[in-house]
Amino acid sequence: MVGSGGLSRSESEYIVDGCVNDCRMDGRTREQTRSYTIEFGESSASTEKAPLPLVNGSARLVSVAGETDILCSVKAELVHPALDSPTMGLLEIHVESHRNNRNDELESLLSSLILSRWDGHEQLCIVPKIYVWKVSVDLMIISADGGSALDLCACLIDAALANTSLPKIDVLPGESTARPALQLQSDPRKSQQFPKGSLPSIVTVAVMKNETGRIALVVDATTEEEACAFAMVHFAIDRSDQAPVIVSLAKTGRGALPVTVMQSVTSLAVHTTMSLRRAFRRDDECLLGHALAITT
């Protein structure tokens with residue numbers, strides 16, 4: 001008999017029972033994440049050694065085991081703002097797989113969990129009612145066989161935008177106020193850092209249940225574990241240095257989430273966020289070769 005995600009019923013039961021007993025297939029505990037490396041350019045004003053040198057910003061995330069490889073590019077262009085938001089710039093997210101197929105579900109989740117909380121639109125305004133920046137974040141999933149694509153894409157977007165620079169533009173006085181002249185500074189050292197604002201991180205908790213009704217909650221789930229989960233709860237959590245604050249959440253999966261486990265799911269997401277913050281701080285102090293290793 002075939003179970004979820006192409007797994008047989010016995011395989012699914014084996015994976016779920018392992019998670020219930022805190023022994024996952026790869027040897028991790030339920031609360032343990034895997035190790036990843038994020039590659040990015042030397043600085044926001046230099047494209048040397050950047051994964052994609054001909055864009056405004058880029059970053060690449062690879063897993064130590066090699067089953068996950070995601071590339072992110074950031075491109076900026078001047079556009080006219082919408083009539084109902086004359087001082088608001090645009091930030092968009094697009095997701096494609098290596099087969100040039102759009103991943104609409106992942107794109108929708110990223111947009112709803114991340115973009116709905118972003119507060120930097122007005123900082124992308126050049127001339128009110130006339131020119132604003134439109135910033136496109138393009139994710140190419142080369143390989144995501146390891147699972148947890150949503151969490152990793154959110155982490156990669158934050159790294160790419162932190163390494164994004166926008167050209168400095170001077171507005172020149174002219175005779176016409178309808179279309180003022182703009183002067184683009186060609187010196188990359190005068191470029192401006194992207195106003196990253198308050199982009200939240202995303203932590204997903206997979207909820208499983210074995211044949212006896214015992215519940216298991218796991219983070220950084222593999223593809224097989226995702227297939228065995230009856231619910232996936234995605235938390236968008238503020239990245240500030242204060243205590244973690246859940247700003248939004250979404251639930252996917254085929255089953256209803258019991259109210260009795262919601263507190264445990266939330267606590268695990270917050271605990272994982274704090275662990276990842278400590279890992280980022282630790283690795284940020286010992287950067288080597290313009291790559292950030294994330295190991296909890």
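**Cysteines**

I looked for disulfides (a pair of cysteine sulfur atoms within 2.5 Å) and the structure holds 0. Cys 72 is in no disulfide; its nearest cysteine sulfur belongs to Cys 153, 8.3 Å away. This is a predicted model, where local features need pLDDT of at least 70 and side-chain atom pairs count only at pLDDT 80 or more, while totals for chains, interfaces and linings use all residues. Residues are numbered from 1 along each chain as its sequence is written, and side-chain values use heavy atoms, with hydrogens and water left out.

Next I checked burial. Buried means under 20% relative accessible area, exposed over 50%, partly exposed in between (1.4 Å probe, protein chains only). Cys 72 counts as buried because its relative accessibility is 0%. Cys 155, at 14%, also counts as buried.

**Helix 3**

I took helices (H or I, at least four residues) and strands (E, at least two) as DSSP runs, numbered from the N terminus. Helix 3 covers residues 149-162, 14 residues. From first C-alpha to last it reaches 20 Å, close to the 20 Å expected at 1.5 Å a residue. The expected span is 1.5 Å times one less than the number of residues.

**Positive phi**

Most residues other than glycine have a negative phi. Which phi does Asp 22 have? I found a positive value near 60 degrees. Asp 22 lies in the loop between helix 1 (9-20) and strand 1 (36-40). Asp 22 is partly exposed, at 33% relative accessibility.

Lys 129 is not a glycine either, and has a positive phi of about 70 degrees. I placed Lys 129 in the loop between strand 5 (125-127) and strand 6 (131-144). Lys 129 counts as exposed, at 66%.
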